[in-house]
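Please look over the structure below. Then read this short report on its core and a few of its contacts.

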Amino acid sequence: LFLPSLLFSLLSCAARAAEIVGGREAQPHSRPYMASLQLRGTQGSHFCGGTLIHQRFVLTAAHCLQDIPHQLVNVVLGAHDLQTPEPTQQQFLVAQVFRNNYNPENNLNDILLIQLDHPANLSADVTTAQLPQQDQPLLHGTPCLAMGWGRLGSRAPASSTLKELNVTVVTFLCRPHNKAFKYPLPYSDLSPLFHSHIGDSGGPLICNNTLQGVDSFVIRECATGQYPDFFARVALYVDWIHSVLRGTGGEGSH
């Protein structure tokens, strides 16, 4: 399937609560759909996030595997601290990947389905995120949550523990078919933020307990306050996701 319009949601840096500057550490294992993409055989090699949407499938950004063969990737579920072995962690190889006409030159369709080599063992620490309905709108003022293990700033080290940050849907700075998001932080406190282009790419944007976005790309540096960050709108790909599940025998199972 090809979606011709610009299918990205804008993430704008602005607003209010100073206590979450740089994001806050998530309560361990409170985001059980969160996935870490890592290089096989290399400890601490997290490079992108992802979201478990089915027992056999993780949704991430297509650019995450643009230059990395999927045979070199491990998917880790049930993690909170990536530097600490945790009994909740489950590791997988990548059986195959599914793209939707990704166009890296124009940052179009930056979405990717990863099929795991075996089903995840679902539990309180590892479970799937809810998908939206196809073309479900996302209204101005909707509170959302972004998360990841990315760096805490453009020149800061990566976080070993999962961080999360409240954001709010806004409708300015949007192109047709887009939605915008803003960080609840004052502009003066933007420099320590964690951002999508340094380890948070591919991670989820959760709004009303539903997966509405996939962390995609930024323009120039993180946290400048001058340009928005972009999320792929999951609601525009739900029919495609279900078609992949049907084609692999995953439709109707968890």
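The report covers an aromatic pair, the nonpolar cores and a serine in a loop.

This is a predicted model. A search of the whole structure turns up one aromatic pair. Its partners are F57 and F98: the ring centres sit 6.3 Å apart and the planes meet at 50°, so the pair is tilted. Stacked would need planes under 30 degrees apart, and edge-to-face over 60. F57 belongs to strand β5 (residues 57–60) and F98 to strand β7 (residues 90–99), so the pair links parts 41 residues apart in sequence.

Next, the cores. The largest nonpolar core holds 51 residues. Among those with the most contacts inside it are L37, L59, L113 and I241. Beyond its neighbours within four places in sequence, L113 touches both F57 and F98. Its other contacts include I53, V58, L59, W240, I241 and V244. Q96 is also in contact with L113. A second, separate core has eight residues, including L138, C144, L205 and C207.

Now the serine. S201 sits in the loop between α1 (196–200) and β12 (204–207). The side chains of S201 and H63 are joined by a polar contact of 3.0 Å.

| Residue | Relative accessible area | Class |
|---|---|---|
| F57 | 1% | buried |
| S201 | 4% | buried |

Buried means under 20% relative accessible area. At 1%, F57 is therefore buried. S201, at 4%, is buried because its value also falls under 20%.

Terms used:
Residues numbered from 1 in each chain as written. Predicted model: local features only at pLDDT ≥ 70, side-chain atom pairs only at ≥ 80, totals over all residues. Heavy atoms only, no water. Phe/Tyr/Trp six-rings, centres within 6.5 Å; stacked < 30°, edge-to-face > 60°. Helix = DSSP H or I, 4+ residues; strand = E, 2+ residues; numbered from the N terminus. Buried < 20%, exposed > 50% of the residue type's maximum accessible area, 1.4 Å probe, protein only. Core = buried A, V, L, I, M, F, W, Y, C linked by side-chain atoms within 4.5 Å. Contact = heavy atoms within 4.5 Å. Polar contact = N/O pair within 3.5 Å; in protein donor to acceptor, adjacent residues only side chain to side chain.
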